[in-house]
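Student: I have a new structure to read. Please take me through it, one feature at a time.

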Amino acid sequence: MDLDSVMLELNAVRPAEFTAARDAYAAQARKAGDRDLAAAITKLRKPTLAAWTATLLARLRPKEARQLLELGEALRGAHRALDGGQLRKLSHDQHVVIGSLVRTARSLAAEAGQTVSETVLREVEQVLHAVLADGKVAERWEAGRLTKAPDAVLGFTGLEPLPGAAPPRREEATQPAGTARKAAVATDASRSADQVQDKRVEAARAELAEARTEADRLNAAQDAAQELADSTAAAVSVIEEEMRAVGERLEAARTANSDAAAGLRDAARTAAKANKQVETAARKLEKLAGPGR
């Protein structure tokens, strides 16, 4: 048993069963004398429901998962090559593929006995988009190592165009001077509009960053609350079992006490009868002896 194999096993169980399974593995490691492994297992974090649901696809539908990974490689390649036509085609394909995979993920979760909400399914979709856009996320997802949904991605940030790749240039026709002047004015207006748009984009990015930070905080709080709930449920189960055992011992003690009380009553009756016989025998002896004897 090692940490990597334990993590993969734990990420495969339902989130509600994660804590009990993790504690069992940690106890097994401690029993084997490997305290370092036990401590490392204890620190493993439970996957969110969305990450667990998305990972079902990688574990149980490897063929469909491979298709998604290949689509991601093609999309990233087209982005680096600045191939607009290919990007448009593949972008259409990704919506079709992701829609189908999200429905499959919901069915797989239901087969495993886990109901997922529409909110969770949207997070699953977010995971799959990240798999397409980010090769590192794709590797973790395929290996079953995701514990939470990655941040929402816009486009393919971080991918630089290939050397020599450039967007197609528009051909410039020879224009009269007046037309050129109007074109220059239009260009200036367009540039101003672009600047305004850039500011709006920056503001939207800042808002998105704040939303991501808040979402991470809330997800962490939810994970902590779920962890506490699971631990409390396990403790309650242990206490209930102990109470059941105590109840059985108490019932046995009451039965033994009742039996002892009945025995005591029988012994008292027997002793009283014996005492009466002694008194009767003593009176007979006294009569037989008579006065002066």
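Tutor: Start with contact: heavy atoms within 4.5 Å. This is a predicted model, where local features need pLDDT of at least 70, side-chain atom pairs count only at pLDDT 80 or more, and totals for chains, interfaces and linings use all residues. Residues are numbered from 1 along each chain as its sequence is written, and side-chain values use heavy atoms, with hydrogens and water left out.

Student: Leaving aside neighbours within four places in sequence, which residues is Leu-68 in contact with?

Tutor: Leu-68 touches Val-97, Ile-98, Leu-101, Leu-128, Val-131, Leu-132 and Trp-141.

Student: How do I read a nonpolar core?

Tutor: Buried means under 20% relative accessible area, exposed over 50%, partly exposed in between (1.4 Å probe, protein chains only). A nonpolar core is a set of buried Ala, Val, Leu, Ile, Met, Phe, Trp, Tyr and Cys residues joined through side-chain atoms within 4.5 Å. Here the largest one has 34 residues, and Leu-68 is among those with the most contacts inside it. α7 (118-133) is one of the elements giving it two or more residues. Its largest share, 8 residues, comes from α7.

Student: Why does Ala-26 count as buried?

Tutor: Because its relative accessibility is 3%. Ala-26 lies in α2. Beyond four places in sequence, Ala-26 contacts Ala-38, Ile-41 and Thr-42.

How values were computed:
Helix = DSSP H or I, 4+ residues; strand = E, 2+ residues; numbered from the N terminus.
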